[in-house]
Amino acid sequence: MTIFNLYIFDKMGTLMHYAEWNRTKKSGITREEEAKLTYGMLFSIKSFVSKISPHDPREGFLYYKTNRYALHYLETPSGLKFVLNTDTAAINVKELLQQLYAKVWVEYVVRDPLWTPGTVVTSELFQSKLDEFIKQSPIFGIRNI
């Protein structure tokens, strides 16, 4: 199992933070363009799911899977959106994203007196704690090609 990359968006779709680990193929476009495409796709999928779901859409969209990767999604009550791309064998990613929010985002971003909500996160402490958290997770690994 492996983790490829992580996007964190605010409620307006601004890319707050991006990190990657085992990503072997680049998209060929800028990170900003890729983030806009990712956010637009999430917006469309959420809208689609809420309209066609035969069940109560409170749980909403959590992930989708292709034959090459899986995209996992967590939206917090404040509108933050965490998007984690993994290989298709990754399990319990919802719990991992919830822990990432509680143990890393809240501790090292929300409680940072130098961070202003709505701005890009540039804290080196947050980046190092995020990297440590991801690398210690059970689904982090080097991709077997």
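**Figure 1. Helix α1 in the lining of the largest pocket.** Helix α1 contributes four residues to the lining of the largest pocket, the most of any element. The model shown here, as in every figure below, is predicted. Two elements, β1 (3–9) and α1 (31–52), each give two or more residues to this lining. The space in the largest pocket comes to about 580 Å³.

**Figure 2. Residues around the centre of the largest pocket.** The lining consists of 19 residues. Those nearest the centre of the pocket are N5, R23, K25, Y69 and N85. Sorted by class, the lining holds eight nonpolar, six charged and five polar residues.

**Figure 3. Strand β4 and its burial.** Strand β4 covers residues 70–75. Five of its six residues are buried, so the strand is largely enclosed by the rest of the structure. A residue counts as buried when its relative accessible area is under 20%.

**Figure 4. The pairing of β3 with β4.** Strand β3 (residues 63–65) runs antiparallel to β4, and three bridges join the two. In this pairing, K65 stands opposite A70 of β4.

**Figure 5. The pairing of β4 with β5.** Strand β5 spans residues 81–86 and is joined to β4 by six bridges, with the two strands antiparallel. Five residues lie between the strands in the hairpin of β4 and β5. Within that hairpin, G79 has a positive phi near 95 degrees.

**Figure 6. N92 in a loop.** N92 sits in the loop between β5 and α2 (93–110). Its phi is near 55 degrees, a positive value in a residue that is not glycine. Most residues other than glycine have a negative phi. N92 has a relative accessible area of 54%, and a residue is called exposed when this value is over 50%. N92 is therefore exposed.

**Figure 7. The whole protein, for orientation.** The protein has three helices and five strands. Read from the N terminus, the order of elements is β-β-α-β-β-β-α-α. A compact globule of 145 residues would have a radius of gyration near 15 Å, and the 15 Å of this protein agrees with that. Along the principal axes, the C-alpha atoms fill a box of roughly 45 × 35 × 30 Å. Of the 145 residues, 40% are buried. Among contacts between residues at least 6 apart in sequence, 53% join residues at least 24 apart.

Terms used. Residues numbered from 1 in each chain as written. Predicted model: local features only at pLDDT ≥ 70, side-chain atom pairs only at ≥ 80, totals over all residues. Heavy atoms only, no water. Buried < 20%, exposed > 50% of the residue type's maximum accessible area, 1.4 Å probe, protein only. Pairing = 2+ DSSP bridges. 1 Å grid on protein atoms, 1.4 Å probe; cavity = no way out; pocket = protein on both sides within 12 Å on 5 of 7 lines; lining within 4 Å. Points joined across faces, edges and corners; volume = space filled by probe spheres on them. Nonpolar A, V, L, I, M, F, W, Y, C, P; charged D, E, K, R; others polar. Rg over C-alpha atoms; globule rule 2.2 N^0.38 Å. Contact = heavy atoms within 4.5 Å.
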